[in-house]
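Please read them with the model open.

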Amino acid sequence: MTRSQPKGARGTVGHAYSALNLRLALASFGLVTMVLFAVLAARAGLAWLAVLCAVFAVVAVVDLVVIQRRRAARRREEPGARHSLFE
């Protein structure tokens with residue numbers, strides 16, 4: 001079972017351990033910028049930089065998946081609750 005809080009984390013349902021919506025926005029921004037930089041670096045002939053940016057883009061995708069799983073678990077734990085960007 002996926003939980004919205006990591007096991008043993010200091011946060012509770014009322015006071016979250018991590019601002020999931022803010023993490024979602026930042027990971028999305030990171031994904032878009034790293035893909036853009038990877039394309040630009042590849043077109044400029046900097047293969048090593050393109051690969052590095054692509055690796056960071058993959059990390060952002062993994063982070064997005066983790067965040068979405070935690071948000072879904074939070075929705076199951078607190079049906080009907082609305083959360084701001086910083087909760």
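**Notes on the predicted model**

1. L46 sits in the loop that joins α1 and α2; helices here are DSSP runs of H or I with at least four residues, strands are runs of E with at least two, and both are numbered from the N terminus. At 36% relative accessibility, L46 counts as partly exposed. The cut-offs are under 20% relative accessible area for buried, over 50% for exposed, and partly exposed in between, with a 1.4 Å probe and protein chains only.

2. This is a predicted model, in which local features need pLDDT of at least 70, side-chain atom pairs count only at pLDDT 80 or more, and totals for chains, interfaces and linings use all residues. Residues are numbered from 1 along each chain as its sequence is written, and side-chain values use heavy atoms, without hydrogens and water.

3. The chain has 2 helices and 0 strands. Of its 87 residues, 28% count as buried.

4. Helix α1 covers residues 20–43, and its 24 residues should span 34 Å at 1.5 Å a residue; the end C-alpha atoms are 34 Å apart, which agrees. The expected span is 1.5 Å times one less than the number of residues. Just after α1, G45 has a positive phi of about 85°.

5. The buried residues of α1 are L20, N21, L24, A27, G30, T33, M34, A38 and A41. They pack against α2 (47–77). Taking a contact as heavy atoms within 4.5 Å, residues 24 or more positions apart account for 70% of the contacts in the chain with a separation of 6 or more.

6. Which side chains meet in a salt bridge? Those of D63 and R23 do, at 2.6 Å from N to O. D63 lies in helix α2 and R23 in helix α1, so the pair ties together parts that are 40 residues apart in sequence. The rule asks for a side-chain nitrogen of Lys or Arg within 4 Å of a carboxyl oxygen of Asp or Glu, and the count comes to 1 salt bridge. D63 is partly exposed at 26% relative accessible area, and R23 is partly exposed at 24%.

7. An unreviewed UniProt entry annotates residues 20–40 and 46–67 as "transmembrane region"; such annotations may be inferred rather than shown by experiment. In the model, residues 20–40 are 100% helix, with end C-alpha atoms 30 Å apart. Residues 46–67 are 95% helix, with end C-alpha atoms 32 Å apart.
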